[in-house]
Amino acid sequence: MWSRDRSVLLSLVATRIIATLAVVLALWLPSLIDRGFFTGRALLGPQDVKWLLPVYYGFLIPAGVALASLDRLLAAIRQEQVFTRRNVRYLRIITWCCFAAGVILLVSGLISVVFYVLAVLAAFFGLILRVVKNLFAAAVSLQSESDLTI
């Protein structure tokens, strides 16, 4: 039977797998570029591939911070600490990381149009998470008021 606990655990495991894969790719990417793996793929020309490494490493900074914050958020939810100021802070951090990744990808759009599409997706995710963060903040505020009236 599928439960909330299993769902949170699956999300936590997936977050850690993605973080591990991001680090593995960061280590393996120079070798892939040297071997010509990306030449002609993903709308990148041979002259554009040299920019893939700085774009990825620049993107990896907000992505890593977002994944670490998501890991902490899921760990807190797993401990049944859902509507807390700390979780609102994690959501705020993740939101800003999405926007930062969007800016990095937008600037990278000068290299390939693919990055423009990814920039819009990152900004869209940031916007959705901003709404979720605002909902969490309102729930925390309501919970605080409720605790004071009891």
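Reader: Which residues form the nonpolar patch on the surface?
Author: This is a predicted model, and in it the patch is formed by Val103, Leu106, Val107, Leu110, Val113 and Tyr116. Together they have about 610 Å² of accessible area.

Reader: Ok, and which helices each supply at least two residues of it?
Author: Helix H3 (85-108) and helix H4 (113-149). The largest share, three residues, comes from H3.

Reader: Take Leu106, then. Where is it found?
Author: Leu106 is in helix H3. Its relative accessible area is 49%, and exposed would need over 50%, so Leu106 counts as partly exposed.

Reader: Switching to Leu12: which helix does it lie in?
Author: Leu12 is part of helix H1, which covers residues 4-34.

Reader: Why does Leu12 count as buried?
Author: Because its relative accessibility is 5%, and the cut-off for buried is under 20%.

Reader: What does Leu12 touch, leaving out residues up to four places away in sequence?
Author: Asp71, Leu74, Ala75 and Arg78.

Reader: Is Glu80 buried or exposed?
Author: Exposed, because its relative accessible area is 60%.

How values were computed
Residues are numbered from 1 along each chain as its sequence is written. This is a predicted model: local features need pLDDT of at least 70, side-chain atom pairs count only at pLDDT 80 or more; totals for chains, interfaces and linings use all residues. Side-chain values use heavy atoms; hydrogens and water are left out. Helices (H or I, at least four residues) and strands (E, at least two) are DSSP runs, numbered from the N terminus. Buried means under 20% relative accessible area, exposed over 50%, partly exposed in between (1.4 Å probe, protein chains only). Contact means heavy atoms within 4.5 Å. Patches are made of residues with over 30% relative accessible area and no salt bridge: like charges are joined within 9 Å, nonpolar side chains (Val, Leu, Ile, Met, Phe, Trp, Tyr) within 5 Å. Accessible areas come from the Shrake-Rupley method with a 1.4 Å probe; for residues, only the protein chains shown count as cover. A salt bridge is a side-chain nitrogen of Lys or Arg within 4 Å of a carboxyl oxygen of Asp or Glu.
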